[in-house]
Amino acid sequence: MQTNPDVKKDLSFEDFKAEVLNDYKIAVTSRECSLLGRREVLTGKAKFGIFGDGKEVPQLALAKAFKDGDFRSGYYRDQTFMMAIGELNIQQFFAGLYGHPDIEHDPMSAGRQMGGHFATHSLDENGNWKDLTKQKNSSADISPTAGQMPRLLGLAQASKIYRQVKGIDTTNFSKKGNEVAWGTIGNASTSEGLFFETINAAGVLQVPMVMSVWDDEYGISVHARHQTTKENISEILKGFQRDENNKGYEILRVNGWDYPALIETYQTASKIAREEHVPVLIHVNELTQPQGHSTSGSHERYKDADRLAWEAEYDCNVKLREWMIANGMATDDELKEIENSIKREVRDGKKAAWTAFVQPLKQEQQELLSILENVANSSDNKVFIAKLKNDLADINEPIRKDILSTARKILRYVVSETSSEKNQLVNWINSYIEKIQPKYSSHLYSQSPKSALNIQEVKPTYNDSSEEVDARLVIRDNFDALFSKYPEVLVFGEDAGHIGDVNQGLEGMQEKYGELRVSDVGIREATILGQGIGMALRGLRPIAEIQYLDYILYALQIMSDDLATLQYRTNGRQKAPLIIRTRGHRLEGIWHSGSQMGGVINLIRGIHVLVPRNMTKAAGFYNTLLESDEPALIVECLNGYRLKEKMPSNIGEFKTPLGVVETIREGNDITLVSYGSTLRIIEQAAKELQEVGIDAEIIDIQSLLPFDLNHGIVNSVAKTNRLMVIDEDVPGGASAFILNEVLNNQNAYTHLDSKPQTLAAQQHRPAYGTDGDYFSKPSVEDVFEAVYNVMHDSNPTDYPKLR
Ligand SMILES: Cc1ncc(C[n+]2csc(CCOP(=O)(O)OP(=O)(O)O)c2C)c(N)n1
Ligand SMILES: [Mg+2]
């Protein structure tokens, strides 16, 4: 059902007519899916529906301009486009609506996302790249409005990198940088900061990005007058228009019901972006929402009669139909026949999707029922069990919750019985969960052989000539080695280019590797992050630098909503192995001392979070990650760049493993667990504790996510029988996470002779200056006294009360 992407000027009328008819069929099919989709929700078969009705025709034009290798980054209205590029059929559309948890049935997300969130597969089932230049690509949608924007920037920039940077292997990813990144967004969502940030950045970078705004004047119930100055996004973006003297955008306007004008507009946009690498904004006006925003409400509540009448008249499918008849491409009767046959086709596709969805569930229901029959017959609680069993049997179209919850409830009735039937039920429940749970929980992290957890440690080596140097030189020389080893690695951030980052960890790298690989960017953390996601989606290995950990909050939403969920929401069919480089922990003041790690780790499950205590460890993490296919955040110690470290002789080669703790001081009395800059405070405190006879063991966590995979901490606690978690985050922040891991998951409580302790910072952000730090974050004395008090509690004779 694909649209014909070749819009030739010399088509015969018959060919042209056939092409238009084909497009009309796609538009009608898409519309029928929307109409029937809404009914499926209202009758309870699906939970929620948001559809592309009223936006069909511009998407046909977009699909015609969209070439193999191109990428889309859009939102939930784009089903027609997906159908027109041949990546979504009727059955798949309904499989997505039902939430079919099988990627073969719902290729968009294996039922993980609500319908209307689209994606194509960049990876095969083993996690290997497919040839993206031979397919039409859609990066996986997310629900937060304008959340598709930051990554769009990177998708577009990748073409520029592939076109201009020499030495990168472009196989699978690019043909001379000729790919366009196509964005779509609703008019109201352009109110978001992410939209404006991306628009500006793409203008600065001059990348092949074509941004379509589907303008239907509304954002749910809120009219454009509350959304957009002058109610007109292209009007207020006029200043971005390029002219003879300045680079900028090409801004185009077109009505969304005007099929020939749309086709021409999209061809023009494609040519400008593809050939000149100039961004284009297409403001598509006069669109409608025939069924309102979503299945959650009706637009009659907020659109007046005039508006509703106008929408009926200017419905883009209606207009296309009129245009076809007026231009002799079809008669009303011919079109009616087509429409009726499509109605049938959609109904059949829907039925097939439903059957495929319920069939395995019915089978699972029957499987359990036959076990339950036996359990009931052999139990003293037969009556109760039979009741539950019959209730399950009565459900005509069960879901898995019905099935498993019945089994689990019945197990309680036979808990004190011994019978082979009971064992059979226990085994069935266990194996059912084992089989089914991954359908809902797999692929949060990479499951490919390139998972970062499979990369083996390589220790740094030193020789007689290894010198003690400023630690920033270790990281700089390591980056140097990485840039020369991997042509596809690039780094960008505020001050990362010309001066080589604020701490000189990239000193001289731009001179050596060029402005495209080592670059300064504007102050725009969210799109720095998105730039990285987009480029990583296209096979590059970006390192996105966020200048300070304190400012990661601007990027955290995109990390959390987009990057962290990417593998999960595509069931492992897309990956963005982006490395986020930042620096943090204690230095000076409220915004240069942050260590809000509790917040970070809890928001970005799906991204590894690494907290190296020095630059050698940090460099080792970069080396590990570049061999893997996973995203990670590396927080370097802001106060560590001028400290001395020995320069390893195997720079660029040594690798710090993920999820492995390191004991940096051995001791017998208490286990002190921490990470990052705080470790230096703890090491000093441990020396002073030794002077009063307290022998502390110190463990560097190194990697918060994943956390201590070999359970090294509990082994230490088994020896010392005491545990203290020390952290410069707020109380209950990362320390609570660490304590949960050690007590709950490693069962350290069984070895404890004293209450497990946490020592964290104050609740407020750190005050400025040395005294500000001293009174805000754990100090050497704080650590000393906290540990001493633990020893006092267990042995007051040897450790009398301090104060
Ligand atoms: C960050 C965020 N805020 C709110 C929402 C809820 N929401 C979903 S769609 C929508 C309106 C979007 O309107 P528009 O961008 O014009 O797109 P349209 O649906 O009209 O095509 C809102 C407020 C959301 N998904 N994300
Ligand atoms: Mg809108």
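A polar side-chain atom of Asp 216 sits 3.0 Å from an oxygen atom of ligand 1 in this predicted model.

| Residue | Distance from a polar side-chain atom to an oxygen atom of ligand 1 |
|---|---|
| Asp 216 | 3.0 Å |

Taken alone, ligand 1 exposes 580 Å², and the protein buries 71% of that. Areas come from the Shrake-Rupley method with a 1.4 Å probe.

Around ligand 1 there are 18 residues, each with a heavy atom within 4 Å. Tyr 75, Tyr 76, Arg 77, Ser 189 and Tyr 218 come nearest. The shell holds six nonpolar, eight polar and four charged residues. Here Ala, Val, Leu, Ile, Met, Phe, Trp, Tyr, Cys and Pro count as nonpolar, Asp, Glu, Lys and Arg as charged, and the others, Gly among them, as polar.

Now the helix pair. Helix H6 (residues 193-205) and helix H17 (residues 525-537) have axes that come within 9 Å and cross at roughly 65°. Axes are lines fitted to C-alpha atoms over the stretch in contact, with angles from 0 to 180 degrees between N-to-C directions. Helices are DSSP runs (H or I, at least four residues) numbered from the N terminus. The crossing of H6 and H17 is right-handed, that is, the near helix is turned clockwise from the far one by less than a right angle. H6 contributes Leu 194, Glu 197, Thr 198 and Leu 205 to the contact; H17 contributes Glu 525, Ala 526, Thr 527 and Gln 531. Contact means heavy atoms within 4.5 Å. By class, this contact has three nonpolar, three polar and two charged residues.

Residues are numbered from 1 along each chain as its sequence is written, while chains are lettered from A and ligands numbered from 1 in the order written. Local features need pLDDT of at least 70, side-chain atom pairs count only at pLDDT 80 or more, totals for chains, interfaces and linings use all residues, and side-chain values use heavy atoms, leaving out hydrogens and water.

Conventions:
Helices (H or I, at least four residues) and strands (E, at least two) are DSSP runs, numbered from the N terminus. A polar contact is a pair of N or O atoms within 3.5 Å; within protein, one must be able to donate a hydrogen and the other to accept it, and residues adjacent in sequence count only if both atoms are side-chain atoms.
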